Amino acid sequence: MDRSRRIPSALAVAAAAALVLAGCSSGSGGKKAEEGADGASAGKATTPRMTVALVTHQAPGDTFWDIVRKGAEAAAAKDNIKLVYSADPNAGNQANLVQNAIDQKVDGIAVTLAKPDALKDVLGKAEQAGIPVVGLNSGLSDWKRLGLLQFFGQDENVAGEALGKRLNEEGAKKAVCVIQEQGNIGLTQRCDGVKKTFEGTTEILNVNGTDMPSVKSTITAKLKQDGAIDHVVTLGAPFALTAVQSVSEAGSKAKVATFDLNKDLTGAIQRGDIEFAVDQQPYLQGYLAVDGLWLYKNNGNYSGGGEQPVLTGPAFVDRSNVERVAGYAAKGTR
């Protein structure tokens, strides 16, 4: 069976359709904004120059967001957009970054909603200022409530449920789900989804995702304490790679499965160090968010009709299909 299929398959149709309609991380973090995609490229739009702010909850050193930014920069280059990127994992600081974008009178804002209620007031100010806002990656349950025009990402509950079912297929009995950022609604939903469908026992292990040595020692200690754990489920590629080290240090026989990809993670799947990953296609999220703002500004389009999200995942990547995505991952686009 080819496990690269979308789960459910309708997600692939939605994402592919959106991409056709659209014409087609470890950044600085903190409060410093960066500009990207200012140069000319083949096929650049001739529409008036736009400025779009991409504001995420990226933590320093989290390479996942490099892939999101590459997608956003590709769309910006095509659409004659000046892209301004900023990020902060602290919800209050992220709200301040959105306010900065409003003060700069940008033409559009793309934002992640890891802690949606903390952004409610500032997103209301963006609406009052007449600045269109779209969501990506985190916040599928809240984007419409907060007045966003469109959303691009994966249903984290569905993704978690898919992983839980896969654990059943693998014969797992006890899993620990490692959350690297407490209070992040998307991460919580992933583990909740796993617990819903996994027929074995699931425990939650909270770690400090900004301190990787601490992540390693915490997972190692948990595995030494409980020899019954046969699967470690992580919620990001860097944490999966660290969990592999923890398994070795603990002398555990547990297997590692994860959400999200990067080039090192695909190599680990090829070697058999990691069993499988759930891919949400972050490049597509960044691309579609920026392109969606351009389409709205220049043609009045709403991806998903403004009523439904555009889903970019989930899909499994394992040893049966990793060769198909490894080349893209090496380029930093998967």
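## Contact between helices α8 and α9

In this predicted model, Ala 237, Ala 240 and Leu 241 of helix α8 meet Asp 264, Leu 265 and Ala 268 of helix α9. Sorted by class, the contact of α8 with α9 comprises 5 nonpolar residues, 1 charged residue and no polar ones.

## Geometry of the helix pair

Helix α8 spans residues 237-250 and helix α9 spans residues 263-271. The two pack at an angle of about 40 degrees, and their axes are 9 Å apart. Because angles under 35 degrees count as roughly parallel and those from 65 to 115 as roughly perpendicular, α8 is oblique to α9. The crossing in which α8 passes α9 is left-handed.

## The open sheet

An open sheet is built from 6 strands with mixed pairing, in the order β8-β7-β9-β10-β11-β13. Its edge strands are β8 (201-206) and β13 (315-318), each of which pairs on one side only. From one strand to the next, the twist averages 20 degrees.

Within this sheet, strand β10 (residues 255-259) pairs with strand β11 (residues 276-279) in the parallel sense, over 3 bridges. Thr 258 has Ala 277 in β11 as its bridge partner.

## A helix across the strands

Note on methods:
Residues numbered from 1 in each chain as written. Predicted model: local features only at pLDDT ≥ 70, side-chain atom pairs only at ≥ 80, totals over all residues. Heavy atoms only, no water. Axes fitted to C-alpha atoms, helices over the stretch in contact; angles between N-to-C directions. Helix = DSSP H or I, 4+ residues; strand = E, 2+ residues; numbered from the N terminus. Parallel < 35°, antiparallel > 145°, perpendicular 65-115°, else oblique. Left-handed = near helix turned anticlockwise from the far one by under 90°. Contact = heavy atoms within 4.5 Å. Nonpolar A, V, L, I, M, F, W, Y, C, P; charged D, E, K, R; others polar. Pairing = 2+ DSSP bridges.
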